[in-house]
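Please keep the sequence and the model in view while going through the numbered points.

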Amino acid sequence: MDAMACMLGRQSTPAGMLVEPAPSDEEVLKLLETAMRAPDHGALQPWRFLTIRGQRRRDLGDIFASALAVREPGTVPDELEKARGKATRAPLVLAVWTEIVEDHPKVPAIEQVVATAAAVQNLLNALHARGYDAILVTGAPCYDENVKAPLGLAPKDALVGFIHIGTAKTAGPVKKRPDPAEFLQTW
Ligand SMILES: Cc1cc2nc3c(=O)[nH]c(=O)nc-3n(C[C@H](O)[C@H](O)[C@H](O)COP(=O)(O)O)c2cc1C
């Protein structure tokens, strides 16, 4: 696929619309080669990825639910179940985080997160190029130590999001995009 056509054709698919097939572990590794081409100040390679499939998605759902119960004591069982279900909507979930190098003399933490975000965008485009669909999702779990710790993150690290990956059950409507002229000025 032509690179411009690929980038102009990519759009997110709601996680609940994602079904098999999802890329295999081998394909994920191949796709991640594009993430390794993200701009990266200081060549810190701060991005980290964790594949979560099958039963492990249920384990992630349990983590979401128990973290919510601590964050908001008194959450009703229906809401806990909803939180649990957020992890099992798509066949593959990729947790993405930035392993922050603290007090770097030249690369503040925000730049390390920016590099990870660029890696995510490369990956989203690569997934689209290979015929897969995806969405990046964040929310309160990303900022919750009771979610970060069991996934292996230190408190200093930034959980950038969860990329839900699969194949869209049905193609969603093509989104209208803003006119770039509205965002560009000449100085
Ligand atoms: C940092 C970040 C966090 C996001 N978190 C969520 C989220 O929690 N839930 C959600 O439905 N969409 C979330 N999105 C938005 C979608 O991933 C998607 O980009 C957005 O709906 C625009 O659609 P598009 O990708 O088709 O342009 C997030 C996007 C970014 C960049």
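1. Overall composition. The protein contains 6 helices and 5 strands; helices (H or I, at least four residues) and strands (E, at least two) are DSSP runs, numbered from the N terminus. Along the sequence their order is α-β-α-β-α-α-β-α-β-α-β.

2. Basis of the note. The model is predicted: local features need pLDDT of at least 70 and side-chain atom pairs count only at pLDDT 80 or more, whereas totals for chains, interfaces and linings use all residues. Residues are numbered from 1 along each chain as its sequence is written.

3. Overall dimensions. The radius of gyration, taken over C-alpha atoms, is compared with a globule rule of 2.2 Å times the number of residues to the power 0.38. For 187 residues a compact globule would have a value near 16 Å, and the protein, with 18 Å, agrees with this. Along the principal axes, the C-alpha atoms fill a box of roughly 55 × 50 × 35 Å.

4. Burial and contacts. A residue is called buried if 20 or more other C-beta atoms lie within 10 Å of its own, exposed if 12 or fewer, and partly exposed in between, with C-beta atoms placed from the backbone. Buried residues make up 30% of the 187 residues. Two residues are in contact if their C-beta atoms, placed from the backbone, lie within 7 Å. Of the contacts with a separation of 6 or more, 82% join residues 24 or more positions apart.

5. The nonpolar core. Such a core is a set of buried Ala, Val, Leu, Ile, Met, Phe, Trp, Tyr and Cys residues joined through C-beta atoms within 7 Å. The largest one has 41 residues, of which F64, V93, V96, L123, L127 and I165 touch the most other members. Helix 5 gives the most to this core, with 7 residues. Leaving aside neighbours within four places in sequence, V96 is in contact with W47, F49, T116, V120, V160, G161 and I163.

6. Helix 3. This helix has 17 residues and reaches 24 Å from its first C-alpha to its last, close to the expected 24 Å; the expected span is 1.5 Å times one less than the number of residues. Its buried residues are R57, L60, G61, I63, F64, A65, A67 and L68, and they pack against strand 2, helix 4, strand 3 and helix 6. R58 is also in helix 3, but it counts as partly exposed because it has 14 C-beta neighbours inside 10 Å.

7. Backbone features. Most residues other than glycine have a negative phi, and most peptide bonds are trans. The bond from E20 to P21 is cis, with omega near 5°, and P21 lies in the loop between strand 1 and helix 2. A43 has a positive phi of about 50°, and Q45 one of about 45°. A43 counts as exposed, because it has 8 C-beta neighbours inside 10 Å.

8. The ligand shell. Which residues are around the ligand? They are Q11, S12, I135, L136, V137, T138, G139, G161 and K175, a residue being near if its C-beta atom, placed from the backbone, lies within 6 Å of the molecule. Strand 4 gives the most to this shell, with 3 residues.
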